[in-house]
Amino acid sequence: MDAGHSHHCGNRLSGANGNRMRIVLVSPSLSAGGAERVISIMANYWAERNHNVTVLTISSIDGDFYRLSPDVARIGLDVRWNSRNVWAALRNNWTRLRRLRMAINACHAEIVVSFVDQNNILVLLALLGNRVPVIVSERIDPRHHDPGEVWRWLRRLFYPMAAAVVVQTERVRHGWALDFLPSERVHVIANPLRSLPAPRPADSADKTILAVGRLGPQKGFDLLLQAFRDLTGVTRRCHQNGFRFHHALHPAGNRDGQLLRHRTRRRGRGRGGALRGEQHVEPHARGRPGPAGHLPHRAHDRRLRRL
């Protein structure tokens, strides 16, 4: 196993009063993404409160983007391989299940929190027969994201075994989760927001409209650019008032991602657009924040079309 801050799971034991817990957070990776951001915030928060926290990922630690507290144990299993056929997929997943179970057991976890659909299923499978409670978290609207027929079937089969299932909105709870899960196990918890320091004065006259996310079809950045392109009057007024449009995007390596990158560059040309790529940015390092909007994925493209 790879290890980050520690070569082992955290070694603080639960106190006699039971206030300290051994918590294991499991994710495919700790790369630049929304679920990974939530994991880093939760891990650091619990570590600050003297809990024993381990972040465990299917991938290695080499691609880590988010910073963890030195008090958080970091383990990367490095078993995230591509499968060339169904037999390779079965073999690889069997290896992942064994390694997951061994690592979680080695941490003497009192509770496991898992993120992202396929990873959630692997964790539930790996811990069959183990009494440690598992909380699984859906970080997307499953009605607009298809993991494939097999994974859909496995999710409906194994999610009822979780101690709790966390979704992000009431619509997902009522429109999806309650179709196959008991209501007492489904909880709505929105993404956390950190308190930010007071903004520093802007160091330039530039004003920025910032779009952040993975450059993939689901996120709908091409629709956002198309909306700005179609609203020529709005775009012109933005430029007249000194606004520039930037994308802080995590690149998608597949063909769809490459196509979107080409479209993004073409549509942003001549309108103050720029692709910034993956970046670590301190809060408000570029000046005072302005109004912000949230368009999480392509499922909301009708809002853009109504502008």
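**Salt-bridge network**

I took a salt bridge to be a side-chain nitrogen of Lys or Arg within 4 Å of a carboxyl oxygen of Asp or Glu. This is a predicted model, in which local features need pLDDT of at least 70 and side-chain atom pairs count only at pLDDT 80 or more, while totals for chains, interfaces and linings use all residues. Residues are numbered from 1 along each chain as its sequence is written, and side-chain values use heavy atoms, with hydrogens and water left out.

Helices (H or I, at least four residues) and strands (E, at least two) are DSSP runs, numbered from the N terminus. I noted both Glu138 and Arg155 as buried. Buried means under 20% relative accessible area, exposed over 50%, and partly exposed in between, with a 1.4 Å probe and protein chains only.

**Other salt bridges**

I searched the whole structure and found 6 salt bridges. One of them joins Asp141 to Arg143, with the closest N and O atoms 2.8 Å apart. I read Asp141 as buried because its relative accessible area is 13%, whereas Arg143, at 39%, counts as partly exposed.

I also looked up Arg152 and Asp146, whose closest N and O atoms are 2.6 Å apart in a salt bridge. Arg152 is partly exposed at 35% relative accessibility, and Asp146 is exposed at 54%.

**Glu36**

I found Glu36 in helix α1 (residues 34-48). Glu36 is buried yet has no salt bridge. The nearest side chain of opposite charge is that of Arg80, 6.2 Å away; Lys and Arg count as positive, Asp and Glu as negative, and His and the chain ends are not counted. I set aside neighbours within four places in sequence and listed the contacts of Glu36 (heavy atoms within 4.5 Å). They are Ser27, Ser29, Leu30, Ser31 and Tyr66.

**Nonpolar patch**

I noted a nonpolar surface patch of about 370 Å², made by Val86, Trp87 and Leu90. Leu90 sits in helix α2 (residues 86-106). Patches are made of residues with over 30% relative accessible area and no salt bridge, with like charges joined within 9 Å and nonpolar side chains (Val, Leu, Ile, Met, Phe, Trp, Tyr) within 5 Å. Accessible areas come from the Shrake-Rupley method with a 1.4 Å probe; for residues, only the protein chains shown count as cover.
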